[in-house]
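Good morning, and thank you for coming. I shall go through one model today, beginning with the chain as a whole and ending with individual residues. Please look at the structure first.

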Amino acid sequence: MLIPLATLRAVRDGSVTVAFRRWTQPRVRVGTKLRTAVGLVEIVSVDEVDPGSITDADARASGAAGRDALLEALAQRPGDHTYRIGLRYAGVDPRIALRSDTDDLDGVRARLDAIDVRSPRGPWTWSVLSLIERHPGTRAADLAPMLGRERLPFKADVRKLKELGLTESLRIGYRLSPRGRALLRQGPSTDAARARR
């Protein structure tokens, strides 16, 4: 579920508590925590509603100027059903704290080894970390060909590293986090290094 940055900020400060969407079926579930530019946003409710029952107060709670503006915006979207999605700010993105945590690098190294072992194309984690270190602020479309990779699968792999707190997304491209730099300095485990030869 895409939420504009201005709306995300309003969710964080509590002035927006709902969103309205037109979908064929619900695309989010109650309890899901979305990682966004402002932190975690939790889905607290998902209810199908009759657009005619939406009030001005509902519209303002979604950040719209009023009922008419909201209904006009909804009418421009595809979908057979209108949903009211309850939102609440659920705190900072836990990956932010991970970025500076260098306490359990052995555990992180073991996670990378496990990712590499399961990868159908062979080991890739350390080469991607090294590439990002050498080329910070470079777009995925430019980084991927340096490893003979396609852009979208490469971006998916970088997201896996981000989940471990090893990389950070920039306005353009990526960089290693302090955790990623510390791990790269130590290098892969002996077994993993041997497997790459």
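**Overall form of the chain**

The protein chain exposes about 11200 Å², and carbon and sulfur atoms supply 49% of that area; accessible areas come from the Shrake-Rupley method with a 1.4 Å probe, and for residues only the protein chains shown count as cover. Please bear in mind that this is a predicted model, in which local features need pLDDT of at least 70 and side-chain atom pairs count only at pLDDT 80 or more, while totals for chains, interfaces and linings use all residues. Residues are numbered from 1 along each chain as its sequence is written, and side-chain values use heavy atoms, with hydrogens and water left out.

The protein chain has ten helices and six strands; helices (H or I, at least four residues) and strands (E, at least two) are DSSP runs, numbered from the N terminus. Its radius of gyration is 21 Å, well over the 16 Å that the globule rule gives for 197 residues, so the chain is more spread out than a compact globule. That radius is taken over C-alpha atoms, and the globule rule is 2.2 Å times the number of residues to the power 0.38. Along the principal axes, the C-alpha atoms fill a box of roughly 65 × 30 × 25 Å.

Of the 197 residues, 42% count as buried. Here buried means under 20% relative accessible area, exposed over 50%, and partly exposed in between (1.4 Å probe, protein chains only). Among contacts (heavy atoms within 4.5 Å) between residues at least 6 apart in sequence, 68% join residues at least 24 apart.

**Helix α5**

Let me turn to one helix. Helix α5, residues 105-118, has 14 residues and reaches 20 Å from its first C-alpha to its last, close to the 20 Å expected at 1.5 Å a residue; the expected span is 1.5 Å times one less than the number of residues. Which residues of α5 are buried? They are Leu105, Val108, Arg109, Leu112, Asp113, Ile115 and Asp116. Seen down the axis of α5, these buried residues fall within an arc of 160°, so they line one face of the helix; the arc is that of the directions from the helix axis to the C-beta atoms. On the other side of α5, Asp106, Arg111, Val117 and Arg118 are exposed.

**Salt bridges**

The structure holds 13 salt bridges, each defined as a side-chain nitrogen of Lys or Arg within 4 Å of a carboxyl oxygen of Asp or Glu. One of them pairs Arg121 with Asp157, with the closest N and O atoms 2.0 Å apart. This pair links distant parts of the chain, 36 residues apart: Arg121 is in the loop between α5 and α6 (125-134), and Asp157 is in helix α8 (residues 151-163). Arg121 counts as partly exposed, at 43% relative accessibility, whereas Asp157 is buried, with a relative accessible area of 3%. Asp157 also meets Arg149 in a salt bridge (2.6 Å, N to O), and Arg149 counts as buried at 15% relative accessibility. Elsewhere, salt bridges that share partners join Arg35, Asp93, Arg95 and Glu163 into one network. Within it, Asp93 and Arg95 have their closest N and O atoms 2.6 Å apart, and both residues are buried.

**Val16**

Finally, Val16 lies in the loop between α1 (5-13) and β1 (18-23). Is this residue buried or exposed? Val16 is buried, with a relative accessible area of 4%. Not counting residues up to four places away in sequence, Val16 touches Thr7, Ala10, Val11, Ala61, Ser62 and Gly63.
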